[in-house]
Amino acid sequence: LEEWYFRRCRRGDVNTRDKKRRCQGMFPEAGVIYDDSASRFFQTHVLDKKRRQEPVVRPPTWKHIPETEFGIQEFVPLSQIAPEPLDESKEPAIFLDWQQIPPAKIQSYLPNGFPEPPAAETLQINTTNGAIPPFVQKRHKCLAQIRQLQRERFQSVAPSNEIKQFVLYLDPAYHKNVGDGLLTLGTLSTLLRQGVSDIQQCHYHQALNRVAPCEEVILNATHKGSSKLAVWHPGGNWGDLWVNVQQKRIQSFSALLENGYSIFGFPQSLFYFNETRGKLEAQLLKESIAKGLQVNLDMEHGLELAKSRVVLSWREMKSCQIADKLYPFVTNVLMPDAAFQLGPFNLTNLVPDTLKVDIVLFMRNDKESLIREFRNETIIAEIFRNSSRGDRQIDFAIVDWVDRNMFNPKVKPDHVTEEAIYLVSMAKVIVADRLHATILSYLAGVPVIYIDQISGKISNTLEFFTSLEACRDTEAAKLIKASNFTHALELATRVLEEEESD
C-alpha cells in the first residue's frame with residue numbers, strides 16, 4: 001500500500017491538495033493518506049516506527065481460500081416458527097444449508113467481467129479444533145441455525161419441483177455498494193442451495209443494464225410452465241429512502257402476476273420518513289396486485305389468492321409488524337438477512353502484519369449516517385488519547401467500501417471481490433455503522449462493535465437474528481452494540497485489550 005502511494009506521489013498522480021498536504025515528507029512519517037480520486041480518504045494514525053522499518057509486503061491479490069468438498073445429506077425439518085435448538089452433544093450431519101456453493105458456479109450467473117466471489121469454509125459447530133477461537137465457533141453455530149431457517153422460509157413459498165426448476169431474479173444489485181453486492185451473492189447462493197436449475201435475471205434500476213430489461217424478460221421468459229416464481233432483490237430500500245427502486249418494485253407486481261408469476265420478496269428493511277407516503281404506496285401496491293390477479297382484494301377469494309401468490313419477507317421484527325399493518329393483503333414473514341448465506345471466511349495470512357491496524361472504523365459518508373461529524377482523524381485520535389490505555393498507541397483506519405481498491409488498483413468499484421474481505425482483515429477489531437460491514441466482519445471472525453444508522457436497521461436486523469437460540473449470546477460472539485460513537489470506541493478498546501491478553 002505504501003509503495004503504491006509513493007509511486008503516485010513520485011509521478012504526480014495526485015491532485016494539488018494531496019501534494020501540498022501529504023506527498024512532501026509523506027514517508028516515513030505518513031499520518032493521513034488521501035485518495036481523492038475515489039472521493040474518500042483512507043486514514044492511518046500513528047504507525048509505529050518499528051513497523052515502518054520492516055519491508056513492505058504487498059497484500060496478496062486474488063488469493064482464494066482453498067475449497068473443501070462436503071457431502072450432502074437431508075436437512076432436519078424445522079418448526080413453523082423457528083429452528084429447534086442445536087444439539088451440541090452430537091456431531092452434526094452436513095446439511096445442504098451448509099454446503100459451500102463453488103465460487104465458479106455463482107460466477108456463472110454474474111454479468112461478464114465479474115470475478116469469482118470469495119470462497120468459504122465449512123461451518124464447524126462441534127469441534128475441538130483449537131485453531132478456531134470459541135467466539136468464532138459460537139458464530140458458526142448461529143450461522144447453521146440461520147441457514148436452516150432461511151431454507152424453511154423459502155421452501156414454504158416454493159414447495160413445487162416445477163418452481164425450483166426456474167426462478168426469475170428481479171433487479172439484482174450490480175452497482176458499487178458492497179453490501180448490496182453481498183446480498184446478490186447471498187440470494188444466488190440461497191437459490192442454488194434450493195436446487196434451482198435455471199436462474200434468469202432482469203434489470204429495473206439496481207442491475208445497471210448488465211442484464212436484460214425486466215419488461216422484456218417477464219413477457220418472453222424461456223420457462224413456459226404453469227408455475228413460475230419471481231424473487232425481488234433484498235436490502236434496505238423498501239420505503240422512501242431510495243424512492244426510484246421502490247416505485248419500480250410496486251409497478252412490477254401487476255405485470256408479474258398477469259404473466260403467471262408468484263412473487264417472493266427476499267428479506268428487506270421497511271422505513272418511511274413520511275408515513276403518509278407509506279400509506280399511499282401501500283394502496284398503490286394493493287391496486288397493482290389486484291390488477292395483476294384481476295380480483296377484488298377486499299373479497300375473501302381475492303385476499304386468499306393474493307396471500308398465496310405474493311410473499312414478502314422482512315429481516316426485522318419491526319419491519320414485519322409494520323408490513324402486517326400496511327400490507328394485510330399479502331403474506332408477510334420473517335427471514336434472516338440474505339448475506340448470512342455467505343462465508344464463513346478465513347482471514348489467515350490475507351493481509352501482512354505491516355498493513356494491519358488495531359481498529360478499523362467502517363463509517364458511512366452518506367445521508368444514512370448518524371455519526372458523520374466524527375468521521376475525522378483528529379477527533380478520533382483525541383478520543384483514543386483520552387482513553388485509559390497508558391502509553392499504548394492505538395493504530396486505526398477510517399474506511400468505507402470504496403477503499404477496498406487500495407489492495408488492487410485494477411479492481412473495478414462495482415465488483416464484489418476478496419478486496420472487501422481484505423479491508424475487514426486489516427483489523428483486530430471493527431467499529432461499523434454499516435449493516436453489511438457488520439455482517440461481513442461477523443462472517444470473517446473479527447470482533448465487531450456496531451452503531452446504528454438513521455433507520456436503525458442494524459439493531460432491528462440483529463434483533464430478529466438474536467431471537468434464535470444459537471445466536472442469543474452476542475457478547476460471547478463478540479458482536480456488541482454501542483449506544484453512541486464514543487461508547488463504540490470505548491468498547492473497541494476493551495475488546496482489543498481482551499484480544500491481546502488471550
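The legends below describe close-up views of a predicted model. Residues are numbered from 1 along each chain as its sequence is written, local features need pLDDT of at least 70, and side-chain atom pairs count only at pLDDT 80 or more, while totals for chains, interfaces and linings use all residues. Side-chain values use heavy atoms, and hydrogens and water are left out.

**View 1. Cysteine 142 and cysteine 471 are joined by a disulfide.** A disulfide is a covalent bond between the sulfur atoms of two cysteines. Here the term is applied to a pair of cysteine sulfur atoms within 2.5 Å, and by this rule the model has 2 disulfides. In the link of cysteine 142 and cysteine 471, the distance from S to S is 2.0 Å. This pair connects distant parts of the chain, 329 residues apart: cysteine 142 belongs to helix α5 (residues 134-157), and cysteine 471 to the loop between α16 (457-465) and β14 (479-481). Helices (H or I, at least four residues) and strands (E, at least two) are DSSP runs, numbered from the N terminus. Cysteine 142 counts as buried because its relative accessibility is 0%; buried means under 20% relative accessible area, with a 1.4 Å probe and protein chains only, whereas exposed means over 50% and partly exposed lies in between. Cysteine 471 is also buried, at 4% relative accessible area. The link of cysteine 142 and cysteine 471 is right-handed, with 100° about the S-S bond.

**View 2. A disulfide joins cysteine 202 to cysteine 214.** The distance from S to S is 2.1 Å. Cysteine 202 lies in strand β4 (residues 198-202) and cysteine 214 in helix α8 (residues 214-219), so the pair ties together parts that are 12 residues apart in sequence. Because the torsion about the S-S bond is about 85°, the disulfide of cysteine 202 and cysteine 214 is right-handed. Both cysteine 202 and cysteine 214 are buried.

**View 3. Helix α9 (residues 243-258) packs with helix α10 (residues 275-293).** Their axes are 6 Å apart, at an angle of about 20°. Axes are lines fitted to C-alpha atoms, for helices over the stretch in contact, and angles run from 0 to 180 degrees between N-to-C directions. Helices α9 and α10 are therefore roughly parallel, a term for angles under 35 degrees. Contact means heavy atoms within 4.5 Å. Among the residues that make the contact are Ile250 and Phe253 of α9 and Leu284 and Ile289 of α10.

Key. Angles under 35 degrees count as roughly parallel, over 145 as roughly antiparallel, 65 to 115 as roughly perpendicular and the rest as oblique.
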